[in-house]
Amino acid sequence: MNIAAIDIGTNSIHMIIVKVQSRTHFDTLMQEKSMVKLGVGVFANKELSKEAMNLGVSTVQRYVQLADQYGVDDIIVSATSATREAKNGREFLDRLIHEAGVSPQLISGKEEAKLIFLAVREAIAIRNEKLLVIDIGGGSTEAVIGDQNQILYGSSMKLGVLRLWDLTGNQTKIKDKTQKELKAHIKQAASNVIEKINQIGFDRVIGTSGTIRALAEACLIKADNPAPEIVNAETIQLKDLIKLRDRLLDASPEERSEIPGINSNRADAIHLGALLLVEILTQINATVITISDA
């Protein structure tokens, strides 16, 4: 049995096609990702732009055609933060139903956090420890604490690279005053979740998502790692992330895209992802983060 799953995120749209071998095992047949940036402007205007919707629909249509080529028995489609918050999110979902022939499900931030943790638990070997999983998306950041048996806490924060980008008015370079304002905003928006994290405690921090992966690759390349693109289970030091953050904040989008490990599609907002990640790690007193591919 072949199944396709399509994740309609705020920054990118992903698809994975798998062959199910048993209830607990599958083989990956193919993966696809497109940086659609569906959420550009959503958090300032509360609407998905017509251009973003058109690109989102055409991307899902292309994915459905690919899935058909693999003879899938089912296509699971979920949409997250940008679609949740946009006033015309329902219109976008209706277009996917009628134009792409899929049945999208709008999932909550808490459900998103739970699914992220379950995925990471499959990819990272968990010892007798509590993991804190952090996922930085375009519109939201999920934080989940759990172990090999259960999820202890999970929440979604209204913090993400495109949300922060809208907040800055899409400035290409972030001046010191704006940096201070962003840090204060992050601290306020994350305060309840940070308090809960510090109250429950954790043994190890795991980072996932395209933004964190890109930052990790950039750090690993600078460390002369022979295979920086293989990031699963690699560890990154906070001090190296701080150096990278400062370099990204001081650069133009063109200069950021020239930094090894930073894709040009992420160059417009990756500096804000670095700022957000460093702030969260600092507030939870974490000096190292382990990266997950899942």
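1. Helices here are DSSP runs of H or I with at least four residues, strands are runs of E with at least two, and both are numbered from the N terminus. By that rule, Thr 59 lies in helix H2. With 4% relative accessibility, Thr 59 counts as buried (under 20% relative accessible area; over 50% is exposed, in between partly exposed; 1.4 Å probe, protein chains only). Leaving aside residues up to four places away in sequence, Thr 59 touches Ile 13, Ser 34 and Val 36 (contact means heavy atoms within 4.5 Å).

2. A word on the basis: this is a predicted model, where local features need pLDDT of at least 70, side-chain atom pairs count only at pLDDT 80 or more, and totals for chains, interfaces and linings use all residues. Residues are numbered from 1 along each chain as its sequence is written, and side-chain values use heavy atoms, with hydrogens and water left out.

3. Now to helix H4, residues 89-100. Its buried residues are Gly 89, Phe 92, Leu 93, Arg 95, Leu 96 and Ala 100. They share one side of H4, because they cover an arc of only 155° around the axis (taken from the directions from the helix axis to the C-beta atoms). Their packing partners are strand S1 (2-8), helix H2 (50-69), strand S4 (74-79), helix H3 (81-85) and strand S5 (105-106).

4. What follows H4? The next residue is Gly 101, with a positive phi near 70°.

How values were computed. The expected span of a helix is 1.5 Å times one less than its number of residues.
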